[in-house]
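Subject: Structure handover

Hello,

Here is the structure we spoke about, with its sequence. My notes on it follow below.

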Amino acid sequence: MARQLPEWAAANPVIMGLLEYVLEKRDKQILSGDEKPISVTLNPQNPPRALRAALAPFNDPTHDDGLLWDELKWLANEYRCFSIRPAGRRSAGRAPWEGARLSFRDASEPLIRDWLQRPRPLLVNPQWRMALARFEGYFENVDAFPVDGLDLEPGFEDFEELLACWSSIGRELETSSNMSWRQLSARCFLGDSKYLDSGWRQSLVSALFPSMGNRIRERPLLMHLYLPAQMERVLLIENQDTFLWLADLEPAVTALVYIEGYRGGAARVRAPALPDSVP
């Protein structure tokens, strides 16, 4: 569980302003693809525009600048949010915080994001965004795609080719009401009949085309059985060699079931709604 931000720290406007500034700057770095170390010099007399609000309380007579500074130093040391380097030279009458340099510690970023409820922004590939804009009209629910897009997998030249494959699912389902997952996969994904075998891809198909998902026919399950004369338990086996080896042992009270050659078969055979006609 993450350490909670103390209430007094949440009430310190300098602390909160600096933390907000750091995350705002880091978010811009993430979106530009150029993350760099973040440092801040405490110079309220002439701060950068983005830091003016964060450092203004140091010059506000309603705040005790010494207390603000002491709390900031304690938080930096206790939670390791910043490393602090005091100003090299300090003239008489100058406050100890003036000219101090704070360097943000990257390792503390998840903690600070948790404090401020600011998740790390998703970096969306601009090429994915452009390709999706071209194909979005081919999907019933284009928002079903992950927010940060799909990965460009080996075998696809670019995101346009990948999305052309996914969009062709709708055209295939419109003209067929009894197509298996592997038939659909082969027709839509460059002849790869196993591309849609994974559960998350099948779920994505159903989410992208919710009105047509029921047109896809589940592949029949082919099962090999060993049944003893008296049965007390059933063992599901996914490896053919293991099934044959155990069947040769002729277990006295254990039935053996091998589901042949289709990923997810062991899970489907447990489903209570499995039709009686499945071989």
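The largest nonpolar core has 34 residues, and Leu18, Leu42, Phe82 and Trp115 have the most contacts inside it. A nonpolar core here is a set of buried Ala, Val, Leu, Ile, Met, Phe, Trp, Tyr and Cys residues joined through side-chain atoms within 4.5 Å; buried means under 20% relative accessible area, exposed over 50% and partly exposed in between, with a 1.4 Å probe and protein chains only. Two or more residues each come from α2, α3 (52-55), α4 (65-79), β3 (101-104) and α5 (109-116), and α2 gives the most, with 8 residues. Helices (H or I, at least four residues) and strands (E, at least two) are DSSP runs, numbered from the N terminus. Apart from this core lies another, of 30 residues, including Val124, Phe145, Cys188 and Phe189.

This is a predicted model: local features need pLDDT of at least 70, side-chain atom pairs count only at pLDDT 80 or more, and totals for chains, interfaces and linings use all residues. Residues are numbered from 1 along each chain as its sequence is written, and side-chain values use heavy atoms, with hydrogens and water left out.

On α2: the helix covers residues 13-32, 20 residues in total, and reaches 28 Å from its first C-alpha to its last, close to the 28 Å expected at 1.5 Å a residue (1.5 Å times one less than the number of residues). At its start, a side-chain oxygen of Asn12 comes to within 2.9 Å of the backbone nitrogen of Val14. Gly33, with a positive phi near 75 degrees, follows the helix. Asp27 is in α2 and is buried, at a relative accessible area of 12%. Beyond its neighbours within four places in sequence, Asp27 is in contact (heavy atoms within 4.5 Å) with Arg113, Arg118 and Pro121.

On the aromatics: rings of Phe, Tyr and Trp (its six-membered ring) pair if their centres lie within 6.5 Å, with planes under 30 degrees apart stacked, over 60 edge-to-face and the rest tilted. The count comes to 16 aromatic pairs. In one of them, Phe156 and Tyr195 are edge-to-face, 5.9 Å centre to centre with 75 degrees between the planes. The two residues are 39 residues apart, Phe156 in the loop between α6 (126-135) and α7 (159-175), Tyr195 in the loop between α8 (181-188) and α9 (199-208). Phe156 is buried at 11% relative accessible area, and Tyr195 is buried at 8%.

Regards

Terms used
Polar contact = N/O pair within 3.5 Å; in protein donor to acceptor, adjacent residues only side chain to side chain.
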